[in-house]
Amino acid sequence: MRPTPHDRRPRNLHAHAVRPAGWAGGGGGVEMIDLTGARFGHLVVVRRDSSPARARVYWECLCDCGATVSTSGENLRSGCSTSCGCSRTEKRYGTPIERFHASYDIVQGGCWLWRHPTVHGYGKLSIDRREILAHRFSYEIHIGPIPEGLLVCHRCDVRACVNPEHLFAGTYADNNHDAYLKGRARNRGELHGMYGRSNISIQGEAHHCAKLCAADVRAIRDLLQQGHKQQQIADRFGVAKSAIWSVATGRTWRHVE
């Protein structure tokens, strides 16, 4: 007699149950394998994830890059989870240092101008899922750690520059004093006199609304001569396209040679 589909089903359903990795059968019951302290690629298991929403056994792991990730024991033991995702990023885009050196152009004057969009004129770089300023990263990899409480200032006065030879560490007072010596910041008495506004014509970076400086203007002109588009240059320096057009046509910054 030919068996029916009902007869072909397994009689012992527990014998065919799939148990998640991190558990082992022994004797008559199921025993969990403690993975704490084990290393799987870039991940080191710290503790079991006790979240009640987990249907399977999950483990909280620490990646070599410093990030924390939660993954199942099955993915760890099968090799599907070996990092928080940083290793895949490095394989696809390169290491942070490789991406840094592929993201700037060298222009006249020795500035390394950041090629990507900036924040208030400063370049930014994404490392380990967080954004840092490109000139600070350049200082750290070329010169050393930034002393606590200090800024990374520009000798060239170009915010988008990441050349380590143009950078130095200083306090807020050092940065303001450097701007004053270069004529980028002037006191209220010099500009407006002791009693009200004078007839002094304020131009260039001395103006309180200026977003560029003379060094920026020279770098912009150099990029325009190289054939870069005005919108790309505007994104680099964190200004509107109209500001680049004004520099290109001589409507503004005529006093800068």
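Q: Which residue takes a positive phi in the hairpin of strand 3 and strand 4?
A: In this predicted model, Gly41 does, with a phi near 70°. The hairpin has two residues between the strands.

Q: How many bridges join strand 3 and strand 4, and in what sense do the two pair?
A: Strand 3 and strand 4, the latter covering residues 43-49, pair in the antiparallel sense over two bridges. Arg39 has Val44 in strand 4 as its bridge partner.

Q: Which residue of strand 5 does Val44 stand opposite?
A: Val44 stands opposite Leu62. Strand 4 and strand 5 are paired over six bridges, in the antiparallel sense.

Q: What is the order of strands in the sheet?
A: The order is 3-4-5-6, in an open sheet of four strands with antiparallel pairing. Strand 3 (39-40) and strand 6 (68-72) are the edge strands, each pairing on one side only.

Q: And how many bridges join strand 5 to strand 6?
A: Five bridges do, between strand 5 (residues 58-63) and strand 6, which run antiparallel. Within this pairing, Glu60 has Ser70 in strand 6 as its bridge partner.

Q: Staying with Glu60, which side chain does it meet in a salt bridge?
A: The side chain of Arg47, at 3.0 Å from N to O. The pair links distant parts of the chain, as Glu60 lies in strand 5 and Arg47 in strand 4, 13 residues apart.

Q: How many salt bridges does a search of the whole structure find?
A: The search finds four. Among them, Asp105 and Arg115 meet through their side chains at 2.8 Å, N to O.

Q: Is Asp105 buried or exposed?
A: Asp105 counts as buried because its relative accessibility is 16%. Arg115, at 34%, counts as partly exposed.

Q: What about the salt bridge of Glu131 and Lys124?
A: Those side chains meet at 3.9 Å, N to O. Glu131 counts as exposed at 56% relative accessibility, while Lys124 is partly exposed at 32%.

Q: Which residues do salt bridges with shared partners join into one network?
A: Asp105, Arg115 and Arg236 form that network.

Q: Changing topic, which residues touch the most other members of the largest nonpolar core?
A: Cys111, Leu113, Val158, Leu212, Ile220 and Phe237 do, in a core of 21 residues. Helix 8 (214-225), helix 9 (230-237) and helix 10 (241-249) each supply at least two residues of this core. Helix 8 gives the most, with five residues.

Q: What does Ile220 touch?
A: Leaving aside residues up to four places away in sequence, Ile220 touches Leu212, Ile233, Phe237, Ile244 and Val247. A second, separate core has eleven residues, including Leu43, Leu76, Cys84 and Cys86.

Q: Where is Ser242?
A: Ser242 is in helix 10 and is partly exposed, with a relative accessible area of 49%. The C-alpha atoms of Ser242 and Gln230 are 8.6 Å apart in space, and the two residues are twelve apart in sequence.

Q: Finally, how many helices and strands are in the chain?
A: The chain has ten helices and 13 strands. Of its 257 residues, 35% count as buried.

Methods
Residues numbered from 1 in each chain as written. Predicted model: local features only at pLDDT ≥ 70, side-chain atom pairs only at ≥ 80, totals over all residues. Heavy atoms only, no water. Core = buried A, V, L, I, M, F, W, Y, C linked by side-chain atoms within 4.5 Å. Buried < 20%, exposed > 50% of the residue type's maximum accessible area, 1.4 Å probe, protein only. Contact = heavy atoms within 4.5 Å. Pairing = 2+ DSSP bridges.
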